[in-house]
Amino acid sequence: MSEAIAESEALRSRYPPILLNKLWEFWGAVWLVKMFRELGFTGHCITELTKAPDACSWRLQKGNVQIELDFEAEPNYVDYSKVPPPHERTVPVLEWAALNQEMDPERPFLGLEEKCTPDYLIRITVGEERFLVVGDATLASAEHHSKDPKPKTVEKYRRTLGWSVDGGIVRCHPLGGFVIFPPPSESWKEFEVLPGAADCMILAPGPRDTDVARQRLLGLLDALSPTLKANLAA
């Protein structure tokens, strides 16, 4: 009604409404980029993605370390209609699809299941080494989050997603999963070692206090590779 009776169209009315949870997910991406920039990374953001208009990506560089953060990347689903049975191939499904399935250059990710839609996919290249990290975000409070906990969702993503590059597949690192929850960190203690998802890092950054979340993010990056750790410290 406010638009109907307005004498002139306001600029803000041209944009669709945004839910708080979606805003939190996007803020999480911006926070991650801010942390990377504080580590000395520089780069740019890409918003004009042809087949994923709601997604955006950052390409960041520091020395010989490249970080590519994709927000709402929408991985490609493995086309099982073309996958031969196990007795006719010598590699797992993800690796076979990376070699034989046509990929969208904007979305070099493969998922074993249809519901492979993480909020964040982070590709890290250090010289000849490559790593994949997956994350999700939620604005739910701890007392209302025990029915379908996000760490278990992220662990499922970690096991069923891969980065298709140079005809091969880079699977998520065993410690390459995280969830961005609302602060404070102390409220999420029971989710830190969750059965079935005990290796998922809990990050709870806040606009005013990010110290705990920052140290945990650094710990996650350090755990990926000694080479990466050395380059981040440089």
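Me: What makes a pair of residues a salt bridge here?

Reply: A salt bridge is a side-chain nitrogen of Lys or Arg within 4 Å of a carboxyl oxygen of Asp or Glu. In this predicted model, Arg59, Glu68, Asp70 and Arg123 are linked in a network of such salt bridges. Across the whole structure, the search finds 17 salt bridges.

Me: How do you know that Glu95 and Arg171 form a salt bridge?

Reply: Their closest N and O atoms are 3.0 Å apart, and the cut-off is 4 Å, so the pair qualifies. The pair links distant parts of the chain: Glu95 sits in helix α2 (residues 93–100) and Arg171 in strand β9 (residues 168–180), 76 residues apart.

Me: Why is Arg171 called partly exposed?

Reply: Arg171 has a relative accessible area of 35%. Buried means under 20% and exposed means over 50%, so a value in between counts as partly exposed.

Me: What about Glu113 and Lys156: why is that pair called a salt bridge?

Reply: The closest N and O atoms of Glu113 and Lys156 are 3.0 Å apart, and the limit is 4 Å, so the pair counts. This pair also links distant parts of the chain, with Glu113 in the loop between β5 (109–111) and β6 (120–126), Lys156 in helix α3 (residues 150–160), and 43 residues from one to the other. Glu113 is partly exposed at 33% relative accessibility, and Lys156 is partly exposed at 36%.

Me: Which residue forms a salt bridge with Arg107, and are the two buried or exposed?

Reply: Arg107 pairs with Asp104, the closest N and O atoms being 3.5 Å apart. Arg107 and Asp104 are both buried.

Me: What does Asn76 have to do with Arg107?

Reply: The side chain of Asn76 reaches the backbone oxygen of Arg107 at 2.6 Å. Asn76 lies in strand β4 (residues 76–77), and is buried because its relative accessible area is 11%, against a limit of 20%. Leaving out residues up to four places away in sequence, Asn76 touches Met103, Asp104, Arg107, Phe109, Leu110 and Gly111.

Me: What makes β6 largely enclosed by the rest of the structure?

Reply: Seven of the seven residues of β6 are buried, so the strand is largely enclosed. Both of its faces are covered: Tyr120, Ile122, Ile124 and Val126 are buried on one side, and Leu121, Arg123 and Thr125 on the other.

Me: How do you know that β6 pairs with β3 and with β7?

Reply: Two strands pair if there are at least two bridges between them. Strand β3 (residues 65–71) and β6 have seven bridges, in the antiparallel sense, with Leu69 opposite Ile122. β6 and strand β7 (residues 129–137) are antiparallel over seven bridges as well, and here Ile122 stands opposite Val133. β6 and β7 form a hairpin with two residues between them, and Gly127 in the turn has a positive phi of about 60°.

Me: What makes a set of residues a nonpolar core, and which residues have the most contacts inside the largest one?

Reply: The members must be buried nonpolar residues joined through side-chain atoms within 4.5 Å. The largest nonpolar core has 34 residues, and those with the most contacts inside it are Leu32, Phe36, Tyr120, Ile124, Phe178, Ile180 and Leu221. Helix α1 gives the most to this core, with seven residues. Leu32 touches Leu69, Tyr120, Phe178, Ile180 and Leu217, not counting residues up to four places away in sequence. Apart from this core lies another, of 22 residues, among them Ala73, Ala142, Trp163 and Val165.

Me: Why is Leu224 called buried?

Reply: Leu224 has a relative accessibility of 6%, and buried means under 20%, so Leu224 counts as buried. Leu224 lies in helix α4 and, leaving aside its neighbours within four places in sequence, is in contact with Ile124, Phe131, Val133 and His173.

Me: How do you know that Cys56 is in no disulfide?

Reply: The search of the whole structure finds zero disulfides. For Cys56, the nearest cysteine sulfur is that of Cys45, 4.8 Å away, while a disulfide needs sulfur atoms within 2.5 Å. Cys172 is in no disulfide either, with the sulfur of Cys116 the nearest at 9.8 Å. Cys56 is buried, with a relative accessible area of 6%, and Cys172 counts as buried at 6% relative accessibility.

Conventions
Residues are numbered from 1 along each chain as its sequence is written. This is a predicted model: local features need pLDDT of at least 70, side-chain atom pairs count only at pLDDT 80 or more; totals for chains, interfaces and linings use all residues. Side-chain values use heavy atoms; hydrogens and water are left out. Helices (H or I, at least four residues) and strands (E, at least two) are DSSP runs, numbered from the N terminus. Buried means under 20% relative accessible area, exposed over 50%, partly exposed in between (1.4 Å probe, protein chains only). Contact means heavy atoms within 4.5 Å. A polar contact is a pair of N or O atoms within 3.5 Å; within protein, one must be able to donate a hydrogen and the other to accept it, and residues adjacent in sequence count only if both atoms are side-chain atoms.
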